[in-house]
Amino acid sequence: MVEVKRLCAALLLAGSLGGCATSGGNPADPLERVNRAVYAFNDVADKAVMTPVAKGYRAVLPGFVRTGISNFFSNLEDVWISVNDVLQGKFQQASEDATRVIFNSTFGIAGLFDFASDAGLPKHNEDFGQTLGRWGIESGPYVVVPFIGPSTFRDGFGLLFDYKADLVYWATESVPVRNSLYATRATSNRAKLLDATSLIEQAALDKYAFTRDAWLQRRRNLVYDGNPPRERDESDDEPTK
Amino acid sequence: MKIALCFLFAVLPSLAQAQSMAPDVLVRTITDEVTAALKKDKDIQAGDAKKAADLIETKIVPHFDFTRMARIAVARNWRSATPEQQKELASEFKTLLVRTYSSALVNYKEHQIDYKPLRAKPEDSEVTVKSDVKPSGSTQPVTIDYELEKTDNGWKIYDVKVDGVSLVTTYRDTFATEVREHGIDGLIKSLAAKNREPLGSRAGKS
């Protein structure tokens, strides 16, 4: 609940400050000044806490244990993914994802093993933000949410639903247990991204803009399930020299 | 004889042969060659980014059109750049990409790659080769799409999209901001500065 409040507060804050923030030029990012500040904050928090924890996690646990943990959370997630499949009218994919849950929860021992993927039922990526996008809702301005990272107005709104529909949220009455599940999942997810972080460090002239633009492209790609309409290539009307 | 020839082609696709290859065959050949080389090379596995860069330079770079990539990334400002500036932009952008991906190759792990059937007409001069890459130990495949154009020297790749994220257009806004604030020369300068940072220096940080 605290997280939801924090998220709302962040979105409101970003919205209200947006009026006076000057734009850096990207029409998708009118709140750039605020976003950069939050990004810088997240970056510090990430370097100080999440990265060391994730590195420790990766160093201490053998690969198969990490895969098991990741699979476990991924299996819980598949339930909400199936619901979003239905909401988006993808009934074939919905039945596949529901089958994944049944398969992996039983033969895969509570989701520790992802047998469904090997059996030809690949994992899908859906969330409520994508469902809203599928329904034709524009992403709105880009926002960097404290502690969470890149999002947009639409996807931030979607996150509220994702949070409420999260099985970890419902799994237990015990707040400490639930929080340790959240922490484990966050660590597991962060550990998977360690190599990607060093790639961004190497690739980007401006990490903030690079992360933003890559993230926006990825979300667009997800909403269109890998086949987004081609964007006009600004320079391509110019003949090759 | 035919089998022997096929084998030769599979093992040694030189540039000359690459010129006549179909786009999907070309992409697959490059990927196979590079992964085979990576598997053999203990130095790269141990973190030798310089050697990884050499591998990219010889096996991958010849199949890319860096001028077009720079043109797409620099977008409308490309027109206001002089031919010399365009050349410098293309060369610095190339260096940046090679350096980025040579540090990534060092982290290479076994992948399973599935190529999707090519959907293109024979007369097409631009095609997309799509593939699904599944890193071992991960359940969710990553899509890698290669955009190719037909040139007099065979098919050349001008963009690679990983899960829909283009390694070219992702630079657009950064480049545009740089040009707006410091001009084309400013952009060239900051690319050059980035390229002078020691390789892999960031990886060890934090």
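Where is Lys123(A) found? Select Lys123(A) and you land in the loop between helix H5 (115-118) and helix H6 (128-134) of chain A. Helices here are DSSP runs of H or I with at least four residues, strands are runs of E with at least two, and both are numbered from the N terminus.

Before you click on: this is a predicted model, in which local features need pLDDT of at least 70, side-chain atom pairs count only at pLDDT 80 or more, and totals for chains, interfaces and linings use all residues. Residues are numbered from 1 along each chain as its sequence is written, while chains are lettered from A and ligands numbered from 1 in the order in which they are written.

Stay on Lys123(A): is this residue buried or exposed? Lys123(A) is buried because 22 other C-beta atoms lie within 10 Å (buried takes 20 or more others within 10 Å of a residue's own C-beta, exposed 12 or fewer, partly exposed in between, with C-beta atoms placed from the backbone).

Next, color chain B by secondary structure. Of its 206 residues, 35% count as buried.

Last stop: the side of chain B facing chain A. Here 33 residues of chain B are in contact with 37 residues of chain A (contact: C-beta atoms, placed from the backbone, within 7 Å). Select H8(B), which gives the most to this side, with 8 residues.

How values were computed
Contact = placed C-beta atoms within 7 Å.
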